[in-house]
Amino acid sequence: MKADTLRGHLDALLLAVLDGRKLHGYAIIEALSLRSDGALDLPTGTVYPALRRLERAGYLASEWDVVSGRKRRTYRLTRPGQQALAAERAEWREFTTVIGGVLRAEA
């Protein structure tokens with residue numbers, strides 16, 4: 001998938017992957033890949049800065065946990081993060097409806 005295609009949607013993707021669970025950075029990258037059937041294979045240099053930005057914005061909270069015997073920073077959605085995700089999902093539904101209507105082949 002082209003990087004330009006993801007521009008503007010990374011935050012929503014990260015929030016969605018964290019919906020209802022707590023994950024460390026590499027697990028977030030794996031979840032994105034799994035949920036996209038491998039289409040989203042994002043580098044750590046893209047994901048980690050975005051996670052830090054979302055945390056500074058108050059959408060994520062993080063803490064250090066031991067995962068598989070290793071100390072890792074795990075992330076979870078905050079209430080503002082849940083609200084932001086709900087808004088992103090609503091905007092996405094509206095966007096896909098509008099664009100789908102334009103791209104649909106005329107009968």
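This note goes through a predicted model point by point, from overall layout to helix packing and salt bridges.

1. Overall layout. The protein chain contains five helices and three strands. Their order along the sequence is α-α-β-α-α-β-β-α. Taken along the principal axes, the C-alpha atoms of the protein chain fill a box of roughly 60 × 30 × 20 Å.

2. The protein chain has 107 residues, of which 32% count as buried. Among contacts in the protein chain with a separation of 6 or more, 47% come from residues 24 or more positions apart.

3. Annotated span. A UniProt record, an unreviewed entry, places the feature "domain: Transcription regulator PadR N-terminal" at residues 14–86. In the model, residues 14–86 are 51% helix and 25% strand. The end C-alpha atoms of that span lie 13 Å apart.

4. Packing of helix 3 on helix 4. Helix 3 covers residues 25–35 and helix 4 covers residues 44–56. The two helices pack at an angle of about 115°, and their axes are 10 Å apart. The crossing is right-handed. On the helix 3 side, the residues in contact are G25, Y26, I28 and I29; on the helix 4 side they are T44, V47, Y48 and L51. Sorted by class, this contact has six nonpolar residues, two polar residues and no charged residues.

5. Salt bridges in general. Side chains of opposite charge can pair when their charged atoms come close. The salt bridges in this model number four.

6. R53 with D11. The side chains of R53 and D11 form a salt bridge with an N to O distance of 2.9 Å. R53 belongs to helix 4 and D11 to helix 2 (residues 10–18), so this pair ties together parts that are 42 residues apart in sequence. D11 has a relative accessible area of 23%, so D11 is partly exposed.

7. R89 with D19. A salt bridge joins the side chains of R89 and D19, at 3.2 Å from N to O. R89 is in helix 5 (residues 79–103), while D19 is in the loop between helix 2 and strand 1 (23–24). The pair thus links distant parts of the chain, 70 residues apart. R89 counts as partly exposed because its relative accessibility is 35%. D19 is partly exposed too, with a relative accessible area of 36%.

8. K22 with D65. In the salt bridge between K22 and D65, the closest N and O atoms are 3.0 Å apart. K22 lies in the loop between helix 2 and strand 1 and D65 lies in strand 2 (residues 60–67), so the pair ties together parts 43 residues apart in sequence. Is D65 buried or exposed? D65 has a relative accessibility of 19% and counts as buried, because buried means under 20% relative accessible area. K22, with a relative accessible area of 40%, is partly exposed. Salt bridges that share partners join K22, E63 and D65 into one network.

Definitions and conventions. Residues are numbered from 1 along each chain as its sequence is written. This is a predicted model: local features need pLDDT of at least 70, side-chain atom pairs count only at pLDDT 80 or more; totals for chains, interfaces and linings use all residues. Side-chain values use heavy atoms; hydrogens and water are left out. Axes are lines fitted to C-alpha atoms, for helices over the stretch in contact, and angles run from 0 to 180 degrees between N-to-C directions. Helices (H or I, at least four residues) and strands (E, at least two) are DSSP runs, numbered from the N terminus. A crossing is left-handed if the near helix is turned anticlockwise from the far one by less than a right angle, and right-handed if clockwise. Contact means heavy atoms within 4.5 Å. Ala, Val, Leu, Ile, Met, Phe, Trp, Tyr, Cys and Pro count as nonpolar, Asp, Glu, Lys and Arg as charged, and the others, Gly among them, as polar. UniProt positions are given in the numbering used here, feature names are shortened, and annotations may be inferred rather than shown by experiment. Buried means under 20% relative accessible area, exposed over 50%, partly exposed in between (1.4 Å probe, protein chains only).
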